[in-house]
Amino acid sequence: MEENQIESLQEEASRYALTPSLLKEILYELKKKIVEKKDLITVANKEDIKINKKQIKVKELLSIIDSYENSECVMNSDERKIIVYRGDPYITLHLCLQALTLRNKLLLVQNNFMFGVNEVLLKIIETVFADYKIINLINHCNDYSVKEIGSFKKYYDNVVVIGDTAIYQQLLDIDDQVKYYPYNNICIYSDNSEFDKLQEAIFIYANENQFELEVLYDDSIYDVINEINDNEYIDTAVLLTKDNESKELFKGMIEDKRVFVNDNPFRQEVGKVYNYLM
């Protein structure tokens, strides 16, 4: 990280009072700016797709912004958080909007996943926020290493990891208060070869988008259910079967996970909203 970026980490975010009417105004301007820059986003996405296969849709970005229109505006929070995640641009937008409404200063630490779209999106957000004198709320870097993240810790109150269990386990060695939120961490079980093509499609999409996926091979549906329920890092459970009893057991007994039976879990990926800053 360059010296001027280190200085930004040390500085406080600007103080601002966010009212519901001001929030709606900022969200409107953000949507307008994204529409203005949609060609730039598309070009960046085409470059990203040469390495990562994720298609970023402007209409989905606008839908995410709309989902914050009635958010509560917190007036007395000045927490500082490091958010470590692979770099999904939809999550980037969620994080920036949550930072705005909760008045949390963030350092977004990403790997190079969807680097181009993230750079364009963060520049748009920075510009719109600056128009409202909201300065230094969001910083970001792409040095996705435990050593580097550890060096930033002194400037922040806590660390949050989203969707990457490997780096979470490594960070626990330097900070046992690190929080983890799953994001498309998937367990999938199939008991019928007729679903091989669907399972393969789910696996390929997860791999292209750097989502963690585990395939289970237990003989009993009860063992599958218990294994998924015991795994705190999983947020998505997928069953591929023609057995009606297994379907009902899976739907009824899986706890605190998104459940999909004979369906692709990525069909409505963008509609999910997590509050990562609480």
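Lysine 50 is exposed, at 61% relative accessibility, where exposed means over 50% relative accessible area, buried under 20% and partly exposed in between, for a 1.4 Å probe and protein chains only. The structure is a predicted model, in which local features need pLDDT of at least 70 and side-chain atom pairs count only at pLDDT 80 or more, whereas totals for chains, interfaces and linings use all residues. Residues are numbered from 1 along each chain as its sequence is written, and side-chain values use heavy atoms, with hydrogens and water left out. The model contains 10 salt bridges, each a side-chain nitrogen of Lys or Arg within 4 Å of a carboxyl oxygen of Asp or Glu. Helices (H or I, at least four residues) and strands (E, at least two) are DSSP runs numbered from the N terminus.

**Salt bridge at lysine 50**
- The partner of lysine 50 is glutamate 47, with 3.1 Å between the closest N and O atoms.
- Glutamate 47 is partly exposed, with a relative accessible area of 45%.

**Salt bridges between distant parts of the chain**
- Aspartate 157 pairs with arginine 80 in a salt bridge whose closest N and O atoms are 3.2 Å apart.
- This pair links distant parts of the chain, 77 residues apart: aspartate 157 is in the loop between helix H7 (146-152) and strand S4 (158-162), and arginine 80 is in strand S1 (residues 80-85).
- Both partners are partly exposed, aspartate 157 at 37% relative accessibility and arginine 80 at 22%.
- Glutamate 194 and lysine 242 form a salt bridge with a closest N to O separation of 2.4 Å.
- Because glutamate 194 lies in the loop between strand S6 (186-190) and helix H9 (196-208), and lysine 242 in the loop between strand S8 (236-240) and helix H11 (244-253), the bridge ties together parts 48 residues apart in sequence.
- Glutamate 194 is exposed, at 57% relative accessible area, while lysine 242 is partly exposed, at 48%.

**Helix H5**
- Helix H5 covers residues 89-102, and its 14 residues should span 20 Å at 1.5 Å a residue, which agrees with the 20 Å between its end C-alpha atoms; the expected span is 1.5 Å times one less than the number of residues.
- H5 is mostly covered, with 14 of its 14 residues buried.
- At the start of H5, the backbone nitrogen of tyrosine 90 has a side-chain oxygen of aspartate 88 within 2.8 Å.

Terms used:
Polar contact = N/O pair within 3.5 Å; in protein donor to acceptor, adjacent residues only side chain to side chain.
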